[in-house]
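Welcome! The notes below will walk you through what to look for.

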Amino acid sequence: MTQPGTWQARLTVTRAPAVTVLIRLYVGAVFLSEGILKFLRPDAQGTGRFDRAGILVPGFFAPLDGVFEIACGALILTGLLTRLATVPMIVNMLGALLITKLPILWGDAPLFDGTSGWWDFAHESRTDLAQLCGSLFLLLAGAGALSLDARLARAGTIPAAATRGAGR
């Protein structure tokens, strides 16, 4: 049993409302599907895309990214260890924005030939920014009442006392 106030309890306890499931379903589904696509369409979405973006060792990093997106997307979808699962996805989205989207601002983005400036950056980075914001929200708020994290807390796996101060 997880002790109140432990880091394990803080990772899983949530006081977020049930409607948080909408953010969780969106964020988790996008990560899960994008991870799967890295394997189904390696040239367009996986190794080939990583290579065109100039990412070193694309044969290693594209599959690694795909595995993390699949695993973390599934955890986020189910609401299990949601806060923990969002951390690598926040790093993932920051990397995507810095490596593939930020160069659009000065017209030097290998994946987006012919695009440059603020409006092209805003357009091309919209999904990455939504995923980043959704992941940050879930990190701070937790999985919500309709999640495995909340169910485990209600079942006594995580003592009720651990919920005091959750969501800080």
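Here is a short briefing on this structure, grouped by topic.

This is a predicted model. Its chain holds nine helices and zero strands, and 41% of the 168 residues are buried.

**Confidence**
- The average pLDDT of the chain is 89, and 88% of the residues reach at least 70.
- Residues 159-168 have a pLDDT below 50, although the model gives this stretch 15 contacts beyond near neighbours in sequence.
- Where pLDDT is low, the predicted coordinates should not be read in detail.

**Overall layout**
- Of the contacts between residues at least 6 apart in sequence, 72% join residues at least 24 apart.

- In soluble globular proteins, nonpolar side chains tend to be buried together.
- The largest nonpolar core here has twelve residues, including Val27, Phe31, Cys72, Ala85, Met89 and Leu138.
- Two or more residues of this core come from each of helix 2 (20-40), helix 5 (58-78), helix 6 (82-101) and helix 8 (126-141).
- Helix 6 provides the largest share of this core, with six residues.
- Another core, of nine residues, lies apart from it and has Phe50, Ile104, Ala109 and Phe121 among its members.
- Which residues does cysteine 72 contact, leaving aside its neighbours within four places in sequence? They are Ala85, Pro88 and Met89.

**Alanine 85**
- You can find alanine 85 in helix 6.
- Alanine 85 counts as buried because its relative accessibility is 3%, and the cut-off for buried is under 20%.
- Not counting residues up to four places away in sequence, alanine 85 touches Cys72, Leu75 and Ile76.

**The largest pocket**
- The largest pocket has a volume of about 770 Å³.
- A total of 33 residues line this pocket, and Lys38, Asp65, Glu69, Asn92 and Ala96 are the closest to its centre.
- Helix 2, helix 4 (47-52), helix 5, helix 6, helix 7 (118-124) and helix 8 each give at least two residues to the lining.
- Which helix gives the most to this lining? Helix 6 does, with ten residues.
- Sorted by class, the lining contains 16 nonpolar, eight polar and nine charged residues.

**Glutamate 69**
- Glutamate 69 sits in helix 5.
- Is glutamate 69 buried or exposed? Glutamate 69 is buried, because its relative accessible area is 4%, and buried means under 20%.
- Leaving out residues up to four places away in sequence, glutamate 69 touches Phe31, Leu32, Glu34, Gly35, Lys38, Met89 and Asn92.
- Glutamate 69 and alanine 85 are 16 residues apart along the chain, and their C-alpha atoms are separated by 9.4 Å.

**Two loop residues with positive phi**
- Most residues other than glycine have a negative phi, and most peptide bonds are trans.
- Valine 57 has a positive phi, near 50°, and its place is in the loop between helix 4 and helix 5.
- With a relative accessibility of 52%, valine 57 counts as exposed, because the cut-off for exposed is over 50%.
- Leucine 81 has a positive phi too, near 55°, and lies in the loop between helix 5 and helix 6.
- Leucine 81 is partly exposed, with a relative accessible area of 31%.

Methods
Residues are numbered from 1 along each chain as its sequence is written. This is a predicted model: local features need pLDDT of at least 70, side-chain atom pairs count only at pLDDT 80 or more; totals for chains, interfaces and linings use all residues. Side-chain values use heavy atoms; hydrogens and water are left out. A nonpolar core is a set of buried Ala, Val, Leu, Ile, Met, Phe, Trp, Tyr and Cys residues joined through side-chain atoms within 4.5 Å. Buried means under 20% relative accessible area, exposed over 50%, partly exposed in between (1.4 Å probe, protein chains only). Helices (H or I, at least four residues) and strands (E, at least two) are DSSP runs, numbered from the N terminus. Contact means heavy atoms within 4.5 Å. On a 1 Å grid over the protein atoms alone, a cavity is a set of points where a 1.4 Å probe fits but cannot get out, and a pocket is an open set with protein on both sides within 12 Å along at least five of seven lines; lining residues have an atom within 4 Å of a point. Grid points are joined across faces, edges and corners, and a volume is the space filled by probe spheres set on the points. Ala, Val, Leu, Ile, Met, Phe, Trp, Tyr, Cys and Pro count as nonpolar, Asp, Glu, Lys and Arg as charged, and the others, Gly among them, as polar. pLDDT is the predictor's confidence in each residue, from 0 to 100.
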